[in-house]
Amino acid sequence: MKLWDYLKDRLWFFLIAAISLGLMLLFLTAFRVSGQLTATICVIFGLFLIAEETAGFFRKKRFYDDMQGKLDGLDKKYLIHEMLKRPDFLDGQIMYDGFCIANKSMCENVSAYKRTADDFREFIEMWVHEIKLPVASLQLMAHNHCDELGEKFQEQLSRIDGYTDQVLYYARSENAEKDYIIKETALKRTVANVAMKNRETAQLCGASIETEGLGLSVMTDGKWLEFILGQLMANSLKYTVEGREPVIRISAEDLPDRVLLRFRDNGTGICEADLPRIFDKSFTGENGRTYAKSTGMGLYIVKNLCDRLGHSITAASEKDKYTEFTISFAKNQFYKMI
Amino acid sequence: MSKIYIVEDDRSIREELAELLRNSGYEAECLTDFANSRAEVLGANADLILMDINIPNLNGEQLLKEIRKETDTPVIMVTSRTSETDEVLSMSYGADDYITKPYNPTILLLRISAVLKRSAAAVSVQTYNGLQVNDAKGSLSDGSREMTLTKNEMIIFRFMLDRKGSIVTRDELMTALWDNDEFVNDNALTVNISRLRSKLAELGCEDAIETRKKQGYILR
């Protein structure tokens with residue numbers, strides 16, 4: 001709080017003081033009070049004024065400077081009232097009490113939304129498990145009864161399964177709760193599961209999958225990683241170049257402090273302008289416009305899940321040549337001991 | 001014939017699953033009285049149990065724990081729960097495998113036969129038309145000559161041998177190959193089959209693999 005600002009704020013008070021001083025002088029002169037007495041009264045009046053204003057200024061300055069300093073340093077600024085002492089002057093007290101009430105009401109509001117979001121997420125989890133039952137049932141029926149159509153049904157059913165998984169993992173990735181387990185996961189098995197899930201689609205476009213060095217284990221949640229790789233693979237199988245046999249290459253590299261998993265395809269690639277934004281929510285870019293149906297959610301969820309698990313993911317690409325994603329898993333000796 | 005016991009509360013899935021297993025040459029029996037699940041499962045004396053987690057009364061994980069106190073019958077958990085926690089929990093209670101719904105039926109069958117093979121006394125040498133099949137070496141021999149098969153050829157041959165005399169679709173062969181981390185495409189499968197054919201022919205089994213147009217292959 002600056003002195004000058006404070007004085008400006010107190011302008012009315014000074015005006016009134018000046019007017020009352022003027023009136024006083026007027027009356028003192030009218031009653032023919034001696035000049036010395038008048039001067040003494042004026043000096044006392046002035047001293048009183050200065051003392052009162054200085055005390056008031058410093059009292060407020062101490063509180064407000066403290067508040068501003070803490071506001072600057074605080075990253076969750078709505079918690080400010082928890083950091084302050086209740087001031088000893090009236091307007092400050094009123095404001096402080098107001099803060100507390102407003103904050104309480106905000107907390108209630110936020111927790112109401114949080115409850116709604118949690119309920120919704122729980123419902124989604126439950127719903128996804130429910131919807132998987134008829135899908136499983138249909139898949140068995142398709143296998144048991146239709147010979148010609150069976151394969152086509154299987155493909156459509158695995159699409160449904162893919163989309164429901166996307167919903168499930170979106171709900172999971174947006175939630176603050178920790179519902180994953182980090183444990184040693186064999187890359188080989190995870191990749192095999194992912195490949196298996198996408199086999200029908202891969203076969204329809206004649207894609208082949210090459211693997212290298214997948215004998216490694218990484219610290220991650222197996223199911224989440226499966227979903228992440230599933231999204232990357234679905235993209236690779238979607239954005240293929242016509243007339244070129246799609247090849248997906250998954251390789252792992254063991255570095256002293258981390259394991260790198262590379263996921264490379266020879267598809268359409270991503271143009272340079274789009275590349276920095278592919279992990280953004282709802283970003284579809286040029287490929288999303290050229291090719292049918294793109295929600296822009298897949299890679300966003302992937303990035304979110306990677307962040308939650310503590311892996312870093314980067315993309316490199318050249319238009320019409322390749323796209324390569326690299327996921328880096330930290331090594332932690334501590335986990336291995338357990 | 002191995003007897004497989006199905007613990008599944010969704011009627012439609014249960015029936016289709018039983019049909020799938022019967023079509024594939026297993027004996028299938030289903031749990032219907034979920035109030036006495038423990039006694040029913042133990043009384044069925046099955047060779048393998050397929051178990052869902054979300055079932056009435058005792059849930060699958062608890063039921064598995066109860067069963068494990070009494071018997072070592074192999075159990076495959078089949079569930080729509082997809083979190084790692086459930087899998088870790090099931091495996092720690094003694095499940096032999098964990099498959100999430102929806103699943104590819106061929107994979108389920110592959111896993112079932114893998115688990116059954118593991119639990120049966122390991123018969124590593126089988127015969128086909130007087131040929132000795134050696135899994136460990138990955139080779140076929142007729143006593144005098146020995147022919148080494150590649151990993152892919154062995155997978156294909158084993159799969160067809162298990163289903164000898166009935167039609168095996170290309171799709172099933174693909175699934176078997178991919179399940180063994182061999183992510184080949186359609187052309188590669190054709191090449192592998194023709195190589196396997198000529199290797200069998202060299203050992204004196206001409207026309208062992210018959211092609212059925214639009215259906216698949218039969219090992220005779």
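Student: At 8% relative accessibility, does Glu87(B) count as buried or exposed?
Tutor: This is a predicted model, so local features are taken only where pLDDT is at least 70. The cut-off for buried is under 20% relative accessible area. Glu87(B) comes in at 8%, so Glu87(B) counts as buried.

Student: Which residue does Glu87(B) meet in a salt bridge?
Tutor: Start with the general idea: side chains of opposite charge can pair when their charged atoms come close. Here the N to O distance is 2.2 Å. The pair crosses between chains, going from helix H4 (residues 84-92) of chain B to helix H9 (residues 222-238) of chain A. The partner in that salt bridge is Lys223(A).

Student: How many residues apart are Arg10(A) and Glu53(A)?
Tutor: Their side chains meet in a salt bridge at 2.7 Å, N to O. Arg10(A) is in the loop between helix H1 (3-9) and helix H2 (11-30) of chain A, while Glu53(A) sits in helix H3 (residues 35-73) of chain A. So the pair links distant parts of the chain, and the separation is 43 residues.

Student: Which strand holds the salt-bridge partner of Arg249(A)?
Tutor: Arg249(A) pairs with Glu210(A), with the closest N and O atoms 3.1 Å apart. Arg249(A) itself lies in strand S4 (residues 247-254) of chain A. Glu210(A) is 39 residues away, in strand S2 (residues 208-212) of chain A.

Student: How many salt bridges turn up over all chains?
Tutor: Some are linked in a network, as with Lys132(A), Asp161(A), Asp165(A) and Lys197(A). Searching the whole structure gives a total of 47.

Student: How do helices H6(B) and H8(B) pack, roughly parallel or roughly perpendicular?
Tutor: Helix H6 (residues 151-162) and helix H8 (residues 186-202) of chain B have axes 10 Å apart, at an angle of about 80°. Angles of 65 to 115 degrees count as roughly perpendicular. So H6(B) relative to H8(B) is roughly perpendicular.

Student: How many nonpolar residues are in the contact of H6(B) with H8(B)?
Tutor: Residues in the contact include Ile156(B) and Phe157(B) of H6(B), and Leu189(B) and Leu196(B) of H8(B). Two polar and three charged residues take part too, and the nonpolar ones number six.

Definitions and conventions: Residues numbered from 1 in each chain as written. Chains lettered and ligands numbered in written order. Heavy atoms only, no water. Axes fitted to C-alpha atoms, helices over the stretch in contact; angles between N-to-C directions. Helix = DSSP H or I, 4+ residues; strand = E, 2+ residues; numbered from the N terminus. Parallel < 35°, antiparallel > 145°, perpendicular 65-115°, else oblique. Contact = heavy atoms within 4.5 Å. Nonpolar A, V, L, I, M, F, W, Y, C, P; charged D, E, K, R; others polar. Salt bridge = Lys/Arg side-chain N within 4 Å of Asp/Glu carboxyl O. Buried < 20%, exposed > 50% of the residue type's maximum accessible area, 1.4 Å probe, protein only.
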